[in-house]
Amino acid sequence: MDYAKALVIVRSSSLEDITELCERIRNAPYSVLDIGSAYGIWPVNQLIEGTRLDGTFYVANEINPRITQAAIDRAVSKLDEDQLERIAFLTYDARELPESLNGLFDEITINYPWEEWSAMEEEYKGGDSFADYLAYNSKARNLFNLLKEGGVIRVTLHPGRTELSFLIMDNLRPGCRNAVSLLLPDHIDSEKGYHYQDEYGTPSISLSFYK
Ligand SMILES: C[S@@+](CC[C@H](N)C(=O)[O-])C[C@H]1O[C@@H](n2cnc3c(N)ncnc32)[C@H](O)[C@@H]1O
């Protein structure tokens, strides 16, 4: 298996690795950080479908190294060499990302489909789940530091998580210039992109926060 093209960064990686990652992000015409990426299904699918500008660089962030490894294996099996040069895997707690990443991203995505975030996170952290962090902790507004001016944080929530969406909206809105809450026409599934509708036709919730 050829991992050479995909940049893999874990907590113990050297400063040079982080510097190289920053360089790659800076050189890209558009950059996306996918927080809690799990098996990397969302960014890999975006790369395949070419949903953003040509040359867009994706950083798939995940707290659990076991899941990151599975995400890398999956990406290597799905992407060609050029696409693999446009994705990096970052095993970090999203609450503690290196400050050198500040100001580098056009877009941050946080996709909530399916499982509870806390379930897989539990083995690595006690205390608040990432969902609680976004909903209640004012430090969550530090995520705006990772964005360029005018950048956007997009949170996509499973249909039915209306209460969580209100809490996230209340918590993050004070940190941004403009915020938009939408019911999407479809139920979004990371793997099936925008082409999937569940049997009840329930729409996903999309929250956008503009820096
Ligand atoms: C429900 S899954 C996300 C699904 C994925 N975004 C998708 O759409 O396919 C939540 C993931 O977030 C990860 N996670 C939880 N807390 C995190 C944190 N503080 N930092 C980074 N990742 C975290 C979990 O390990 C889990 O893999």
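1. Of the contacts in the chain with a separation of 6 or more, 76% are accounted for by residues 24 or more positions apart. This figure, like the others in this note, comes from a predicted model.

2. As for the overall make-up, the chain has 7 helices and 8 strands, and buried residues make up 36% of its 211 residues.

3. Helix α2, which covers residues 41–49, has as its buried residues Ile41, Trp42, Pro43, Val44 and Leu47. Just after α2 comes glycine 50, whose phi is positive, at about 60 degrees.

4. A residue in another helix deserves a separate look, namely isoleucine 25, which lies in α1 (residues 15–27). Why does isoleucine 25 count as buried? Isoleucine 25 counts as buried because it has 20 C-beta neighbours inside 10 Å, and 20 or more is what the cut-off requires.

5. Once the neighbours within four places in sequence are left aside, isoleucine 25 is in contact with Ser31, Phe57 and Leu104. With tyrosine 58, the relation can be given as a distance: isoleucine 25 and tyrosine 58 are 33 residues apart in sequence, and their C-alpha atoms are 8.3 Å apart in space.

Terms used:
Residues numbered from 1 in each chain as written. Predicted model: local features only at pLDDT ≥ 70, side-chain atom pairs only at ≥ 80, totals over all residues. Helix = DSSP H or I, 4+ residues; strand = E, 2+ residues; numbered from the N terminus. Buried ≥ 20, exposed ≤ 12 C-beta atoms within 10 Å, placed from the backbone. Contact = placed C-beta atoms within 7 Å.
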